[in-house]
Amino acid sequence: MKQKNTRDPKKMTSYFWYEAPILVVVTISGLIYNIGMVAGPYFQGQLVQGLYDLLNHKILANRLIQLSLLYMLVIALVQVCRAIKRFSVRIFANHTSRRMRRLLYNVLLHRQFGDDTGSLMTEAISDVGSCVEGMRKFTTEIFDTGVVMIAYLAMLLYYDVRLTILACMFTPLAYVIANVLKKKVVKANKAYKESESVLNTMTLDRIVHAMTYRITGREQALNDRYEKQLTDYEQKSAVSNIFEGALTPLYDAIAMFGIVLIIYFGGRNVLHIGWKAWDLASFTTFFSLLYQTRHQGLPRRQTF
């Protein structure tokens, strides 16, 4: 009875249980890929430190070559796991879509047909596509956002807790500003869509009744109204595009303040007069990790 409830086709979780084997592959490859993302910044720091030591004749060139080969090998392994994870997620989505559509077709074939059958089938198929796409994105973001952010933050905290807190506090600030501006973005987009709808209606009316307006002498008045509506549409479209296109650079600029703190306090750490005793490898790794964290954690482009 418990197994039957777990595999209930009416529950979304049942489709994850159906694809448990492929999700195991997604989990293993996703963990290796996303945790392995910290390997890039780590090896970048080691290469910078190795180059510095080589120029100061502290190590041999063979040591730097070996480090470079190891770096390429690790990154290749990470990218292979990335490809496996992405391909496995696609397989999961395709199998789920096929299972849902087959269930839908079976239900529709065994029901009494009516005039609304075509409309019902079209809407249901569209809903299946949206549902599967949501499940695919949810599965992807668990690893590409959740796991990788945890790995980045754990690495940052390992290097310097206080500097991590200071440098990362600007990202929540970007989210707060995004939440404040969300109402203005929605309002601007709504006005733009409404103006576009009115303009489309007037365009159709002008085409269909062009001869009538010309005969009755109302063509010039219609042209004046159309030009006024077109100007309104252009203005509201420009405002909407400004909100949608200009906010992402604003979030980037806010988050970049954390880089300034890293340059100052990280430089003090390298000079051994700060909170931690760093070398060039630690500074480069921390800088790269914070950049990746900022890029991963910032609000996406707002469209409503």
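Predicted model: local features only at pLDDT ≥ 70, side-chain atom pairs only at ≥ 80, totals over all residues.
Local features need pLDDT of at least 70 and side-chain atom pairs pLDDT 80 or more, while totals for chains, interfaces and linings use all residues. Residues are numbered from 1 along each chain as its sequence is written, and side-chain values use heavy atoms, without hydrogens and water.

The protein contains 12 helices and 0 strands (DSSP runs numbered from the N terminus; helices are H or I of at least four residues, strands E of at least two). Of its 304 residues, 34% are buried (under 20% relative accessible area; exposed is over 50%, partly exposed in between; 1.4 Å probe, protein chains only). Among contacts (heavy atoms within 4.5 Å) with a separation of 6 or more, 80% join residues 24 or more positions apart.

The largest nonpolar core has 17 residues (buried Ala, Val, Leu, Ile, Met, Phe, Trp, Tyr and Cys joined through side-chain atoms within 4.5 Å). Helices α6 (117-159), α7 (161-168), α11 (257-270) and α12 (280-297) each supply at least two of its residues. The largest share, 6 residues, comes from α6. L289 is among the residues with the most contacts inside this core. Beyond four places in sequence, L289 touches V38, P41, Y152, M155, L156 and Y159. A second, separate core of 10 residues includes Y15, I22, M100 and M135.

Helix α3 (residues 20-35) gives the largest share of the patch, 3 residues. V24 lies in helix α3 and is partly exposed, at 47% relative accessible area.
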